[in-house]
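Please look over the sequence and the structure before reading on.

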Amino acid sequence: AAIMLKLVEFEEGRRGEVLRVHVIGNPGVAEILKKRFDQEESKRGGIVSVGRTLPKSKVDIVFVQGGFDLDSLSAFSRSRKAMTVTNDPSMLQEGLSVAIYDDEGMPGIMLNLEASREENLDWRAEILEIATVLDK
């Protein structure tokens with residue numbers, strides 16, 4: 001969760017604004033995000049929702065883990081310009097834009113540039129240098 005919040009700083013369209021995050025499939029991630037946003041030293045505010053379906057309200061990020069209809073998620077994220085994040089790198093092949101995962105004990109970041117473009121994400125060069133990049 002902390003890496004996801006830091007990663008947002010490398011996307012030009014979402015820097016500095018209050019983040020609205022919806023979590024599907026992992027309530028633990030939602031709890032961690034809520035705690036991070038509640039910390040006094042947090043630089044930005046945030047609103048976290050959790051559910052088994054897509055949100056009805058506006059969101060900036062949708063975190064998804066596990067079996068979810070990725071076609072509906074992709075359509076939702078592209079129409080609303082919401083960043084899609086997962087902890088399963090294989091889901092990037094299905095059209096999600098960001099994977100944050102355990103890479104042999106170290107945090108790994110993978111970006112799907114095609115999906116990122118469709119979600120209207122504008123990554124800074126610094127993140128492209130350290131992330132594993134997929135570009136079809």
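The sections below describe the overall fold, the surface and the salt bridges of this predicted model.

## Overall fold

The protein chain contains five helices and seven strands. Along the sequence these elements are arranged as α-β-α-β-β-α-β-β-β-α-α-β. With a radius of gyration of 14 Å, close to the 14 Å given by the globule rule for 136 residues, the chain is as compact as a globular protein of that length.

The C-alpha atoms occupy a box of roughly 40 × 30 × 30 Å along the principal axes. Among contacts with a separation of 6 or more, 51% join residues 24 or more positions apart.

## Burial, surface and charge

Of the 136 residues, 44% are buried. The chain exposes about 7300 Å², of which carbon and sulfur atoms supply 50%. There are 18 positive and 23 negative charges, and their mean positions lie 6 Å apart.

## Salt bridges

The whole structure holds six salt bridges. One of them pairs Glu 31 with Lys 34 at 3.8 Å, N to O. These two residues are three apart in helix α2 (residues 27-38), a separation of about one helical turn. Glu 31 is partly exposed, at 42% relative accessible area, and Lys 34 is partly exposed as well, at 30%.

Another salt bridge joins Glu 119 and Arg 78 at 3.5 Å, N to O. Glu 119 lies in the loop between α4 (113-118) and α5 (125-130), whereas Arg 78 belongs to helix α3 (residues 70-80), so the pair links distant parts of the chain, 41 residues apart. Both Glu 119 and Arg 78 are buried.

Key:
Residues are numbered from 1 along each chain as its sequence is written. This is a predicted model: local features need pLDDT of at least 70, side-chain atom pairs count only at pLDDT 80 or more; totals for chains, interfaces and linings use all residues. Side-chain values use heavy atoms; hydrogens and water are left out. Helices (H or I, at least four residues) and strands (E, at least two) are DSSP runs, numbered from the N terminus. The radius of gyration is taken over C-alpha atoms; the globule rule is 2.2 Å times the number of residues to the power 0.38. Buried means under 20% relative accessible area, exposed over 50%, partly exposed in between (1.4 Å probe, protein chains only). Contact means heavy atoms within 4.5 Å. Accessible areas come from the Shrake-Rupley method with a 1.4 Å probe; for residues, only the protein chains shown count as cover. Lys and Arg count as positive and Asp and Glu as negative; His and the chain ends are not counted. The place of a charge is taken as NZ of Lys, CZ of Arg, CG of Asp or CD of Glu. A salt bridge is a side-chain nitrogen of Lys or Arg within 4 Å of a carboxyl oxygen of Asp or Glu.
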